[in-house]
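Have the sequence and the model side by side.

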Amino acid sequence: MSERQPVVVSIAGSDNSGGAGIQADIKTCTALGVYSATVVTAITAQNSRHVYAVDSVSVEMVKSQFDAILETIHPDAVKIGMLPSPDIICAVAGKIREYGLKNVVVDPVMVATNGDSLTASGHDMISAFTNELFPLSALITPNIPEARKLLGLNSDNELDSADLCIELYNICNADSVLLKGGHGVGHTSIDYLYDGSQLLDFETERVDSVNTHGTGCTLSSAIAAGLAKGYSLTKAISEGKNFLYNAIKFADSINVAKGPGPLNFMWNDIADVN
């Protein structure tokens, strides 16, 4: 019998355009040699320009998907993306506790790359994240706007990214926080990792591209894939950032959408040829 393949379960919304959400998670895990099972939390009608509609899956269906997977498959890591309501956040947290799932990576998706809202707003969402889900997480991966929203900061607050990362760690109860630098400026993109004792930075060249649909989903699922393989957290982040960098760098080669497009999840095929 062949060696067991690492497994990630992705808990997120469906993106019908194929560039983000569950679809991006499956493609990322597949490209990295990891099997992906899924729990769909919402159905979206969207593309890289707009989110047109969002329908939440019922809480009972979310729970049933968990139970069906865990009956036969025990994941090595969990990637969590779009959770459209406080009730679904609490249901997901309950199932993680029930099954004792580990290596939980949470991308607290609230707004799509194009700027459109994907979830309910308000304090109840933030409270459900910080009190129910984040304490079960090995890592959360907010971008700068998401971190500000979780901290209740307005745009006038002048905390730099490193301090923002530390402040978020202090209130979120997760094991570690990776603050993504994609919304920053300059020739490099710097992500900050804080685990309560040390602050590390991960720097990559910023790719000048409009093809960034699904970048957050891709990075978090790539990190989860690394953890599923048994990588340390820092190696999983480093390898995940390398995967994302090249997926953006080679995105022009697939040319499937008008305007902003998806990433190239199979960039390694092109890199091997070149």
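Begin with helix α1, residues 21–31, and helix α7, residues 215–228: they pack at an angle of about 45 degrees, and their axes lie 9 Å apart. This is a predicted model. Angles from 35 to 65 degrees fall between roughly parallel and roughly perpendicular, so α1 and α7 count as oblique to each other. Their crossing is right-handed. Which residues make the contact? From α1 come Gly21, Ala24, Asp25, Thr28 and Cys29. From α7 come Cys217, Thr218, Ser221 and Ala222. By class, the contact of α1 with α7 has four nonpolar residues, four polar ones and one charged.

Stay on α7 and turn to its other partner here, helix α8, residues 233–249. The axes of α7 and α8 come within 8 Å and cross at roughly 140 degrees. Only angles over 145 degrees count as roughly antiparallel, so α7 and α8 are oblique to each other. α7 passes α8 in a right-handed crossing. On the α7 side, the contact uses Thr215, Thr218, Leu219, Ala222, Ile223, Gly226 and Leu227. On the α8 side, it uses Leu233, Ala236, Ile237, Gly240, Lys241, Phe243, Leu244 and Ile248. The contact of α7 with α8 divides into 10 nonpolar residues, four polar and one charged. Look again at Thr218 and Ala222 of α7: they take part in the contact with α1 and in the contact with α8.

Now move to helix α3, residues 86–99, and helix α4, residues 123–133. Their axes come within 9 Å and cross at roughly 5 degrees. That angle makes α3 roughly parallel to α4. α3 contributes Pro86, Ile89, Cys90, Val92, Ala93, Ile96 and Arg97 to the contact. α4 contributes Asp124, Met125, Ala128, Phe129, Glu132 and Leu133. The contact of α3 with α4 holds 10 nonpolar residues, no polar ones and three charged.

Next, the strands. How many bridges join strand β8 to strand β9? Seven bridges link β8, residues 188–194, to β9, residues 199–205, and the two strands run antiparallel.

Finally, step back to the whole protein. It has nine helices and nine strands. Its C-alpha atoms fill a box of roughly 55 × 45 × 40 Å along the principal axes. Does that go with a compact or an extended chain, and what does the radius of gyration say? A compact globule of 274 residues would have a radius of gyration near 19 Å. The protein has 17 Å, which agrees.

Notes
Residues numbered from 1 in each chain as written. Predicted model: local features only at pLDDT ≥ 70, side-chain atom pairs only at ≥ 80, totals over all residues. Heavy atoms only, no water. Axes fitted to C-alpha atoms, helices over the stretch in contact; angles between N-to-C directions. Helix = DSSP H or I, 4+ residues; strand = E, 2+ residues; numbered from the N terminus. Parallel < 35°, antiparallel > 145°, perpendicular 65-115°, else oblique. Left-handed = near helix turned anticlockwise from the far one by under 90°. Contact = heavy atoms within 4.5 Å. Nonpolar A, V, L, I, M, F, W, Y, C, P; charged D, E, K, R; others polar. Pairing = 2+ DSSP bridges. Rg over C-alpha atoms; globule rule 2.2 N^0.38 Å.
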